[in-house]
Amino acid sequence: MKSWKVILSILCVLLIISCGNKKRKIASNGLLTEEEMVAVLYDIHILDATVSTYNSLQKTDAKLLQECYDSIVFIQHECNDSIFKKSLEYYTLEGKIKNIYDEVVDSLNTRKALLENENR
């Protein structure tokens, strides 16, 4: 139960942070820009890792939590799941998804290195 409260607290903080006056950059075709795709995917992967560290949650609780934080990420980036899916499909078909994921992985590796340095 304590881990559930920790995760819920993290999600609440993310929701509060997301309420800033951040304007989303919209591509001319109404999709997320490549830069925004990197940011959304980065946040989704960070939250996925957070939930997976609390693997003691029941599968139904974990699924419910995943739906909740996916919604928070979309709110934070001022989009919805249909815009995200449409953008993901577009960048995949255009062959640009590898470059986007290369940037996501670089950002995740940078964060990991920073956290490792803080823990030393």
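**View 1. H2 crosses H4.** H2 passes H4 in a left-handed crossing; in such a crossing the near helix is turned anticlockwise from the far one by less than a right angle. This is a predicted model: local features need pLDDT of at least 70, side-chain atom pairs count only at pLDDT 80 or more, and totals for chains, interfaces and linings use all residues. Residues are numbered from 1 along each chain as its sequence is written, and side-chain values use heavy atoms, leaving out hydrogens and water. The two helices pack at an angle of about 115°, with axes 11 Å apart. Axes are lines fitted to C-alpha atoms over the stretch in contact, and angles run from 0 to 180 degrees between N-to-C directions.

**View 2. Residues where H2 meets H4.** H2 brings Glu34, Met37, Val40, Leu41 and Ile44. H4 answers with Phe84, Ser87, Leu88 and Tyr91. Contact means heavy atoms within 4.5 Å.

**View 3. The largest nonpolar core.** This core has 18 residues. A nonpolar core joins buried Ala, Val, Leu, Ile, Met, Phe, Trp, Tyr and Cys residues through side-chain atoms within 4.5 Å. Buried means under 20% relative accessible area (1.4 Å probe, protein chains only). Leu32, Met37, Val40, Phe84 and Ile100 touch the most other members. H2, H3, H4 and H5 each supply at least two residues. H2 gives the most, with seven. Helices are DSSP runs (H or I, at least four residues), numbered from the N terminus.

**View 4. Around Met37.** Leaving aside residues up to four places away in sequence, Met37 touches Leu32, Phe84, Ser87, Leu88, Tyr91 and Ile100.

Key
Buried < 20%, exposed > 50% of the residue type's maximum accessible area, 1.4 Å probe, protein only.
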